[in-house]
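Reader: I have a model open on my screen and would like to learn how to read it. Could you take me through a few features, one by one?

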Amino acid sequence: MITPARTPALDRGRRHVCALLGSGITESLTPRMHEAAAERHGLTLIYRVVDLEVLGLTAQEGVDLVPRAAQLGLSGMNITHPCKQLVLPVLDELSPEAALIGAVNTVVFTSGRIVGHNTDMTGFAHGFRRDLGNVDLSRVIQFGGGGAGSAVAHALAALGAEGLLIVDPEHSRATELAASVESVSSLRVTAVAPEDAPAAMRLASGVVNCTPVGMAAHPGTPFPTSLLHPDQWVCDVIYRPLVSELISQARQRGCRTATGAGMAVGQAVESFALFTGTPPEPEGFEQDFHALVDAERQAHATS
């Protein structure tokens, strides 16, 4: 039975081994950000990638690796698509944020227990405030109601959104998320069937993509970008590539935009503190992130 998580005791002296579990994540910048932060703080941290596509594993088979990672002595794991909700049954405890959201992106192995946390909610809010500021939140439409979508919906409620429409290919998932957010906030949330999304888009003040569509392994856009107009803002939680096809086309249409960089940095800062017991400085993670992106851009330009 899952119980509320306790705050892990600080443990700055350990050597840490961490991993990222998900699909299509081989090129993730998360491992290098964590290792760079550890070096700045004089810590020993090794971070590995467990890509389900590369290993030929199903999402459930990936989740089954989590208890084994605990047995092997890892400090923790970051969890991404498609395992953020599937991982819940193998956990012993949940932080209040993870319990509220119903999804986990960070797992810490401590005192023989597997503890689930969610740093996506505060990570998204961090990037949103930084990149978009006081935009119109009167009628937001969100594509995707999975693990990332749940965190973003709760974050939008905390940010002061007045109305939220959620579109997901699994309409029941959008309906469940809408009910969950409404039960703990004053936000008006409506589940919208995919076929009704074009009409809803016309009246939206802003759009958020919480689906994997647009990732390097899942190219494209979650909806026809011809539906966008210049009065809208557009936010994508994807950061690989940093400028997704959705963000690129939204900019061409005159929309104000925010990439997934802010969320990537914000959630990583909190995850690092959970793994190591050392709260890092956000500015360092921000600098590391953009240095890594610039280095990749230069490498591609000269290859």
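This is a predicted model: local features need pLDDT of at least 70, side-chain atom pairs count only at pLDDT 80 or more; totals for chains, interfaces and linings use all residues.

Reader: Let me start with one side chain: is R251 buried, partly exposed or exposed?

Author: Residues are numbered from 1 along each chain as its sequence is written, and side-chain values use heavy atoms, with hydrogens and water left out. Now the term: buried means under 20% relative accessible area, exposed over 50%, and partly exposed in between (1.4 Å probe, protein chains only). R251 has a relative accessibility of 44%, so R251 counts as partly exposed.

Reader: Where is R251 found, and which residues does R251 touch, leaving out those up to four places away in sequence?

Author: R251 is in helix α10 (residues 245-252). Helices here are DSSP runs (H or I, at least four residues), as are strands (E, at least two), and both are numbered from the N terminus. With that sequence limit, R251 touches V243, T257 and T259; contact means heavy atoms within 4.5 Å.

Reader: How should I read two packed helices, and at what angle do α6 and α7 cross?

Author: Two packed helices are described by the angle between their axes and the distance between the axes. The axes are lines fitted to C-alpha atoms, for helices over the stretch in contact, and angles run from 0 to 180 degrees between N-to-C directions. In this structure, α6 (residues 120-132) and α7 (residues 147-159) have axes that come within 8 Å and cross at roughly 55 degrees. The two helices are therefore oblique to each other: angles under 35 degrees count as roughly parallel, over 145 as roughly antiparallel, 65 to 115 as roughly perpendicular, and the rest as oblique.

Reader: Which residues make the contact of α6 with α7?

Author: On the α6 side they include M121, F124 and F128, and on the α7 side V152, L156 and L159 are among them. The residues of this contact divide into 10 nonpolar, one polar and two charged. Ala, Val, Leu, Ile, Met, Phe, Trp, Tyr, Cys and Pro count as nonpolar, Asp, Glu, Lys and Arg as charged, and the others, Gly among them, as polar.

Reader: What about charge pairs: how many salt bridges does a search of the whole structure find?

Author: Side chains of opposite charge can pair when their charged atoms come close. A salt bridge is a side-chain nitrogen of Lys or Arg within 4 Å of a carboxyl oxygen of Asp or Glu. The search finds 10. One of them joins R32 and E296 at 3.0 Å, N to O. R32 lies in helix α1 (residues 30-40) and E296 in helix α12 (residues 282-302), so this pair ties together parts 264 residues apart in sequence. R32 is partly exposed at 33%, whereas E296 is buried at 17%. R32 and E296 also belong to a network of salt bridges with R240.
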